[in-house]
Amino acid sequence: MKKLRSLIMACVASTLAYTGIADDIAVDNCGKPLVFETVPERIVVHDMNMADMAFALELQDRMVGLTGITGWYKTSPEFDKLRGDIPELAPKYPTIENLISVEPDLFFAGWYYGMRPGGEVTPDTLAPFGIKTMILTESCVHQDKNRPVASMDLLFEDVLRLGKVMNVEDRAANLVADWKVELASIEAQTADLDRLRVFLLDGPADAPFTAGRFAIPDAMIAAAGGQNVTHDLDTSWGRTSWEAVAAANPQFLVLLDYQTGNGAADTFRFLQEHPVISQIDAVKNEHWIGLRYEELTPGPANIYAIKKMAKAMHPELN
């Protein structure tokens with residue numbers, strides 16, 4: 001009887017493993033479980049920063065499409081080489097038709113990173129087509145205002161989540177471990193330095209678009225030895241006023257560089273000609289750095305960007 005029971009249990013276990021039920025993959029997704037019965041074989045990734053995460057995990061052979069790349073950015077030769085022949089399904093935000101045309105198992109995107117609350121493409125609208133959505137953690141604040149303030153875990157945890165879902169956990173863990181060592185080294189160098197007041201600007205505008213306390217640049221600025229003057233902004237990315245920026249009198253500027261025209265230099269010229277902002281310390285002292293989009297949104301480029309920022313803010317580190 002014991003042998004028969006053991007045989008039955010072995011058969012059940014074998015059947016469960018074959019169907020994937022015994023090996024469900026579950027990760028947190030903005031506070032809710034995202035569960036896969038099997039490892040996704042066909043994925044679509046939105047935006048350069050999330051594409052860089054997938055490239056870092058060497059997932060190109062399972063990427064059947066990208067969205068939101070060429071409509072806004074000039075890509076680097078390194079990005080183009082890693083992308084290879086992966087097609088871009090939409091230059092900006094995708095439609096449902098764009099996505100279902102390649103029959104993906106997984107869409108990796110975020111709120112205002114390929115999806116808008118109440119828009120055409122959301123986890124709920126994709127679910128009937130068998131497409132599961134992994135949401136960029138930084139963007140979860142748009143659905144839940146009780147999120148913790150930004151930290152570099154926004155990068156680390158998303159890479160670990162993607163690694164777990166795609167069955168490359170060791171690769172993800174090694175990447176994150178290396179990044180944490182690099183980050184700790186930078187933070188050790190900046191720990192005892194004066195904290196500069198820093199303002200990040202995403203291009204010229206009537207009302208400045210910048211990073212609040214839920215956006216990863218807030219944590220990056222802190223790691224580089226600064227303090228984000230818009231830390232009190234109750235969002236990830238959002239608008240403030242020029243008057244508020246002038247009152248904070250930033251000592252250093254981080255200018256988002258889309259690599260079009262003269263890039264960040266054009267933005268700095270705009271500030272030099274601005275009737276109010278031209279008088280702040282950072283503009284008068286020409287103390288600024290231009291960083292690319294993928295360096296200022298959660299992705300593998302963040303750690304090196306912190307290092308560049310720290311050296312630009314604190315010349316004594318060079």
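Reader: Which residues of α7 does α6 meet?

Author: The model is predicted. From α6, the residues in this contact are L155, F156, V159, L160, G163 and K164. Their partners in α7 are E169, A172, A173, V176, W179, K180 and L183.

Reader: How do the residues in the contact of α6 with α7 divide by class?

Author: G163 of α6 takes part in this contact, and Gly counts as polar. The contact also has three charged residues.

Reader: Is α6 roughly parallel or roughly antiparallel to α7?

Author: The axes of α6 (residues 153-165) and α7 (residues 169-190) come within 8 Å and cross at roughly 165°. Angles over 145 degrees count as roughly antiparallel. The crossing is right-handed. The angle therefore makes α6, relative to α7, roughly antiparallel.

Reader: What is the orientation of α7 relative to α13?

Author: α7 packs against α13 (residues 302-313) at an angle of about 15°, with the axes 10 Å apart. Angles under 35 degrees count as roughly parallel. The two helices are therefore roughly parallel.

Reader: Which residues of α13 make the contact with α7, and what is the handedness of the crossing?

Author: On the α7 side, the contact is made by W179, E182, L183, I186 and T190. On the α13 side are I303, I306, K307 and A310. The crossing of these helices is left-handed.

Reader: Why is α8 largely enclosed by the rest of the structure?

Author: Helix α8 covers residues 216-223. Seven of its eight residues are buried, so the rest of the structure largely encloses the helix. The buried ones are I216, P217, D218, A219, M220, I221 and A223.

Reader: Which residues touch the most other members of the largest nonpolar core?

Author: The largest nonpolar core has 67 residues. L162, leaving out residues up to four places away in sequence, touches M53, A54, L57, L59, L106, F108 and M134. A second, separate core has 16 residues, including V64, M115, V121 and L126. In the largest core, the residues touching the most other members are M152 and L162.

Reader: Is T122 buried or exposed?

Author: T122 lies in the loop between β7 (114-115) and α5 (123-126). Apart from neighbours within four places in sequence, T122 is in contact with W111, M115 and R116. Its relative accessibility is 8%, and the cut-off is under 20%. T122 therefore counts as buried.

Definitions and conventions
Residues are numbered from 1 along each chain as its sequence is written. This is a predicted model: local features need pLDDT of at least 70, side-chain atom pairs count only at pLDDT 80 or more; totals for chains, interfaces and linings use all residues. Side-chain values use heavy atoms; hydrogens and water are left out. Buried means under 20% relative accessible area, exposed over 50%, partly exposed in between (1.4 Å probe, protein chains only). Helices (H or I, at least four residues) and strands (E, at least two) are DSSP runs, numbered from the N terminus. Axes are lines fitted to C-alpha atoms, for helices over the stretch in contact, and angles run from 0 to 180 degrees between N-to-C directions. Angles under 35 degrees count as roughly parallel, over 145 as roughly antiparallel, 65 to 115 as roughly perpendicular and the rest as oblique. A crossing is left-handed if the near helix is turned anticlockwise from the far one by less than a right angle, and right-handed if clockwise. Contact means heavy atoms within 4.5 Å. A nonpolar core is a set of buried Ala, Val, Leu, Ile, Met, Phe, Trp, Tyr and Cys residues joined through side-chain atoms within 4.5 Å.
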